[in-house]
Amino acid sequence: MSTDSRSLPERDFLDMGVSLYGIHAARHPRPCYRVCYRLRMFNAGRSSLRLLGRKWTLRDSAGRTRIIEAERVFNQQPVLKPGDAFSYGGCTYFDSEPAAMEVRFFGTDQGNRPFISPPLVFPSRCFPRRRK
């Protein structure tokens, strides 16, 4: 399934939130930044949903953007009935200080109609402020 937002209708079924565990800067041969998080999704709609995958957009302080797509949500394709919740945690890595992260979820509703969620944008307080 393509996650091109032009080919999938955007539907706001999911009430989503994020908790940031932290940003860790490790010094290996070069700096590496690890962002750990926990996502929570709640089906606020009237229809059951099957989440088929996710699409991340990651930006770093050097101006690079990475798009990461996966055909599962934390190795699952969860079904969320109205009122159900699903959460998972993970980490992602950056070569430069992270500047922005967002994630979108795609799936189908109980009528097997595809959708993509609006982006869950990580708040700016999740990222270090650049020192001048």
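**Phe-74 and the S4–S5 loop**

I started at Phe-74, which sits in the loop between S4 and strand S5 (79-80). This is a predicted model, so I kept in mind that local features need pLDDT of at least 70. Phi of Phe-74 comes out near 50°, a positive value, and the residue is not a glycine. Buried or exposed, or something in between, for Phe-74? It is partly exposed, because its relative accessible area is 42% and that class covers the range between 20% and 50%.

I then looked at Gln-76, which belongs to the loop between S4 and S5 as well. Gln-76 is partly exposed, at 36% relative accessible area. Which residues does Gln-76 touch once those up to four places away in sequence are set aside? I found Leu-51 and Phe-86. For the pair Gln-76 and Leu-51, I noted 25 residues of separation in sequence and 8.3 Å from C-alpha to C-alpha.

**The other positive phi**

Asn-112 counts as exposed because its relative accessibility is 60%, and the class begins over 50%.

**Ser-117 and Arg-104**

Next I moved along to Ser-117, in the loop between S8 and strand S9 (120-121). Ser-117 is buried, with a relative accessible area of 0%. What does Ser-117 contact beyond its neighbours within four places in sequence? My list reads Glu-10, Arg-11, Leu-14, Met-16, Arg-104 and Phe-105.

Arg-104 was the entry I wanted to follow up. It lies in strand S7 (residues 98-109). A polar atom of the Arg-104 side chain is 3.0 Å from the backbone oxygen of Ser-117. That pair counts as a polar contact, because the limit for N or O atoms is 3.5 Å. I checked burial for the arginine as well: Arg-104 has 13% relative accessibility, so it counts as buried, the class being under 20%.

**Leu-58 in S3**

I looked up Leu-58, a residue of strand S3. At 2% relative accessibility, Leu-58 is buried. Leaving out neighbours within four places in sequence, I listed its contacts as Arg-64, Thr-65, Arg-66, Ile-68, Thr-92, Phe-94, Ala-100 and Met-101. How far apart are the C-alpha atoms of Leu-58 and Pro-98? I got 7.8 Å, for residues 40 positions apart along the chain.

**Phe-122 after S9**

Phe-122 falls in the segment after S9. It counts as buried, at 3% relative accessibility. With neighbours within four places in sequence set aside, Phe-122 is in contact with Val-18, Tyr-37, Leu-39, Trp-56, Met-101 and Phe-127. I also noted the pair Phe-122 and Gly-17: 105 residues apart along the chain, with 8.9 Å between their C-alpha atoms.

**The largest pocket**

Which lining residues lie nearest the centre of the largest pocket? They are Tyr-37, Arg-54, Trp-56, Cys-91 and Thr-92, out of 13 lining residues. The elements giving two or more residues to that lining are strand S3 (49-60), strand S4 (65-70) and strand S6 (85-94). S6 gives the most, with 5 residues. By class I have 8 nonpolar, 3 polar and 2 charged residues in the lining. The volume of this pocket is about 180 Å³. Thr-92, one of the residues nearest the centre, is also on the contact list of Leu-58.

**Whole chain**

Last, I stepped back to the whole chain. How many helices and strands does the protein chain have? I count 0 helices and 9 strands, so the order from the N terminus is β-β-β-β-β-β-β-β-β. Of its 132 residues, 41% count as buried. I also looked at contacts with a separation of 6 or more: residues 24 or more positions apart account for 69% of them. The chain exposes about 7,900 Å², and carbon and sulfur atoms supply 46% of that area.

Note on methods:
Residues are numbered from 1 along each chain as its sequence is written. This is a predicted model: local features need pLDDT of at least 70, side-chain atom pairs count only at pLDDT 80 or more; totals for chains, interfaces and linings use all residues. Side-chain values use heavy atoms; hydrogens and water are left out. Helices (H or I, at least four residues) and strands (E, at least two) are DSSP runs, numbered from the N terminus. Buried means under 20% relative accessible area, exposed over 50%, partly exposed in between (1.4 Å probe, protein chains only). A polar contact is a pair of N or O atoms within 3.5 Å; within protein, one must be able to donate a hydrogen and the other to accept it, and residues adjacent in sequence count only if both atoms are side-chain atoms. On a 1 Å grid over the protein atoms alone, a cavity is a set of points where a 1.4 Å probe fits but cannot get out, and a pocket is an open set with protein on both sides within 12 Å along at least five of seven lines; lining residues have an atom within 4 Å of a point. Grid points are joined across faces, edges and corners, and a volume is the space filled by probe spheres set on the points. Ala, Val, Leu, Ile, Met, Phe, Trp, Tyr, Cys and Pro count as nonpolar, Asp, Glu, Lys and Arg as charged, and the others, Gly among them, as polar. Contact means heavy atoms within 4.5 Å. Accessible areas come from the Shrake-Rupley method with a 1.4 Å probe; for residues, only the protein chains shown count as cover.
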